[in-house]
Amino acid sequence: MDIKRIKNKIIINSYRITFEYETRKGYRREQQRIICDLNKENARSNFKEWARDIRTMFNVKILSIVELTEDKKIIEI
């Protein structure tokens, strides 16, 4: 009797996060970062955790989160 293994697929999406922040001198800046994660909520929380550790960025606000459909990665376990 052969035992067949069920393949598990994990889909990792790429998200482009556009955000605004304030510098130490009071200037407003806008930038974009790409974060790879399982879903949009995890990407948002990972970004907030990353932004909290940056010493030169204050009052960080997420303006938009866009899923990049061409950058999906599928991992089979």
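Buried means under 20% relative accessible area, exposed means over 50%, and partly exposed is in between (1.4 Å probe, protein chains only). Welcome to a predicted model, in which local features need pLDDT of at least 70, side-chain atom pairs count only at pLDDT 80 or more, and totals for chains, interfaces and linings use all residues. Residues are numbered from 1 along each chain as its sequence is written, and side-chain values use heavy atoms, with hydrogens and water left out.

**View 1. Isoleucine 10 and a nonpolar surface patch.**
Let us start with isoleucine 10, which is found in strand β1; helices (H or I, at least four residues) and strands (E, at least two) are DSSP runs, numbered from the N terminus. Is isoleucine 10 buried or partly exposed? Its relative accessibility is 32%, so isoleucine 10 counts as partly exposed. Together with Leu38, Ile75 and Ile77, Ile10 makes a nonpolar surface patch of about 330 Å². Patches are made of residues with over 30% relative accessible area and no salt bridge; like charges are joined within 9 Å, and nonpolar side chains (Val, Leu, Ile, Met, Phe, Trp, Tyr) within 5 Å. Accessible areas come from the Shrake-Rupley method with a 1.4 Å probe, and for residues only the protein chains shown count as cover.

**View 2. Asparagine 13 and its polar partners.**
Asparagine 13 sits in strand β1, which covers residues 9-22. This residue counts as buried because its relative accessibility is 9%. What joins the side chains of asparagine 13 and tyrosine 15? A polar contact of 3.4 Å does. Such a contact is a pair of N or O atoms within 3.5 Å; within protein, one must be able to donate a hydrogen and the other to accept it, and residues adjacent in sequence count only if both atoms are side-chain atoms. A polar atom of the asparagine 13 side chain also lies 3.5 Å from the backbone oxygen of leucine 38. Setting aside neighbours within four places in sequence, asparagine 13 is in contact (heavy atoms within 4.5 Å) with Ile35, Cys36, Asp37, Leu38, Glu67 and Lys72.

**View 3. Tyrosine 15 and the largest nonpolar core.**
Which residues make up the largest nonpolar core? There are 10 residues in all: Tyr15, Ile17, Phe19, Tyr21, Ile35, Ala43, Phe47, Ala51, Met57 and Ile65. β1 and α1 (40-53) each supply at least two residues of this core, and β1 gives the most, with four residues. A nonpolar core is a set of buried Ala, Val, Leu, Ile, Met, Phe, Trp, Tyr and Cys residues joined through side-chain atoms within 4.5 Å. In soluble globular proteins, nonpolar side chains tend to be buried together. Leaving out neighbours within four places in sequence, tyrosine 15 has contacts that include Arg33, Ile35, Leu38, Ala43, Ile65 and Glu67.

**View 4. Threonine 18 in strand β1.**
With a relative accessible area of 10%, threonine 18 is buried. Beyond its neighbours within four places in sequence, threonine 18 is in contact with Glu30, Gln31, Gln32, Lys61, Ile62, Leu63 and Ser64.

**View 5. Arginine 28 and its salt bridges.**
How many salt bridges are there? The count comes to two, where a salt bridge is a side-chain nitrogen of Lys or Arg within 4 Å of a carboxyl oxygen of Asp or Glu. Through shared partners, salt bridges join Glu20, Glu22 and Arg28 into one network. Arginine 28 is partly exposed, with a relative accessible area of 38%. Glutamate 20 is partly exposed at 22%, and glutamate 22 is partly exposed at 25%.

**View 6. Residues of strand β3, including aspartate 71.**
Strand β3 spans residues 58-76 and holds aspartate 71, which counts as partly exposed at 32% relative accessibility. Aspartate 71 and tyrosine 15 are 56 residues apart in sequence and 8.8 Å apart in space, C-alpha to C-alpha. Not counting residues up to four places away in sequence, aspartate 71 touches Ile12 and Ser14. Lysine 73 also has its place in β3 and is partly exposed at 47% relative accessibility. With the same exclusion of residues up to four places away, lysine 73 touches Ile10, Ile11, Ile12 and Cys36.
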